[in-house]
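Thanks for coming, everyone. Please bring the structure up on your screens, and I'll walk you through it.

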Amino acid sequence: MAIQLADFSWAVMVPKSTSKMMIKFLLVLLISLSTVLAEGNACNPMDLKGLTDFKAAIHNDIGNRLASWVGHRCCMWKGITCDNRTGRVTEINLPASSYGARLEGSLSASVTLISFLQVLDIGGNPGLVGEIPQSLGSLKNLFRLSLVSNRLSGSIPESVASLTNLVFLDLRNNSLTGHIPQRIGQLQALLDFDVSRNRLSGKLPPSMANLSSVVTIWLHNNFFEGPIPVLKMPSLKLLLLANNSLTGSIPTNFGDLIALREVNLSNNKLEGAIPESLGNLSMLLVLELQQNRFSGKIPDEFLKLGNLEELNLSNNHLVGKIPEGKPLSDFPKSSYSGNTGLCGKPLTPCKPI
């Protein structure tokens, strides 16, 4: 909307004695004000194109959340947030859980035209089908990406690894296939990484070790195979790799991940001895290693896990006497069942040698 300086004539009364310098200052101030107001009312053309194409790709708006998406004042639209200074669109927040409604259609690649976008949250829309745009990596300012619980298919674009400002990546509960991008370790700012409950496969990329800031990793219920990579994540609190086809042994450096609170490696094809270094995880609350092929004895170092609340070592090939003492003696028989060579409390007493 064009604003004329004359529109402000009532607001500024300039006496004849006012210096030329003051008049010039007031004129500059009024021009700046008119520019700000104009930006506040009109949507940036690229942002407008990205949003209108986004809407056009939605064929069913259950709940009419996009009813306000008309005209050119996109910062007033439902689910849209703009920067107060620049007027550029910074957030698209349309998760179904927030409105009790949902969108049906696909995710338009034109969303990548919104170059200042920081948050893209359209999770919980099970009628949102199709693939994640390959050009998504061009949104360099993105720090939150949530496409959870849609019916998205295809692969995770390799370009996602270019989103170096990304803090939250949530792609869980879709039908994504393929592998995790090999350069995922470039996401140094990432705190939460969730691609669970998809159809992803292949090996976990070694570059994952470089996710130095990550706090939670959710990779369960996929088809990942191969070994668990060596992890160097001092802030990692939760690691869920259950229900995959991972092989090999637990890396011996697991004991260096001292911030861990919960580890679930259950229902894989892991083998070898359980590392003694796990006893260094003094903050650990939950350890689930059931349904694997672990062998050897339960490390005596497990007696140092004083904060452990849940333990499941069942259905492996463990042997020998369960180390005596807390916390191991406090867990039920089900924590150790399915290991025919195990004995000692809470299982049957070991036979005298």
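In which sense do β3 and strand β5 pair, and over how many bridges? They pair in the parallel sense, over 3 bridges. Here, pairing takes at least two DSSP bridges between two strands. Strand β5 covers residues 119-121. Look at asparagine 93: aspartate 121 in β5 stands opposite.

A word on the source. This is a predicted model, where local features need pLDDT of at least 70, side-chain atom pairs count only at pLDDT 80 or more, and totals for chains, interfaces and linings use all residues. Residues are numbered from 1 along each chain as its sequence is written, and side-chain values use heavy atoms, without hydrogens and water.

Now the other partner. Strand β2, residues 80-82, pairs with β3, residues 89-93. This pairing is antiparallel, with 3 bridges. Threonine 81 has glutamate 91 in β3 as its bridge partner. The hairpin of β2 and β3 has 6 residues between the strands. There, glycine 87 takes a positive phi near 80°.

Next, the record. An unreviewed UniProt entry annotates residues 45-83 as "domain: Leucine-rich repeat-containing N-terminal plant-type". Such annotations may be inferred rather than shown by experiment. That span is 31% helix and 21% strand. Its end C-alpha atoms lie 15 Å apart.

Finally, the whole protein. It holds 3 helices and 22 strands. Those are DSSP runs: helices are H or I, at least four residues, and strands are E, at least two, numbered from the N terminus. Of the 353 residues, 47% are buried, meaning under 20% relative accessible area with a 1.4 Å probe, protein chains only.

Terms used
Buried < 20%, exposed > 50% of the residue type's maximum accessible area, 1.4 Å probe, protein only.
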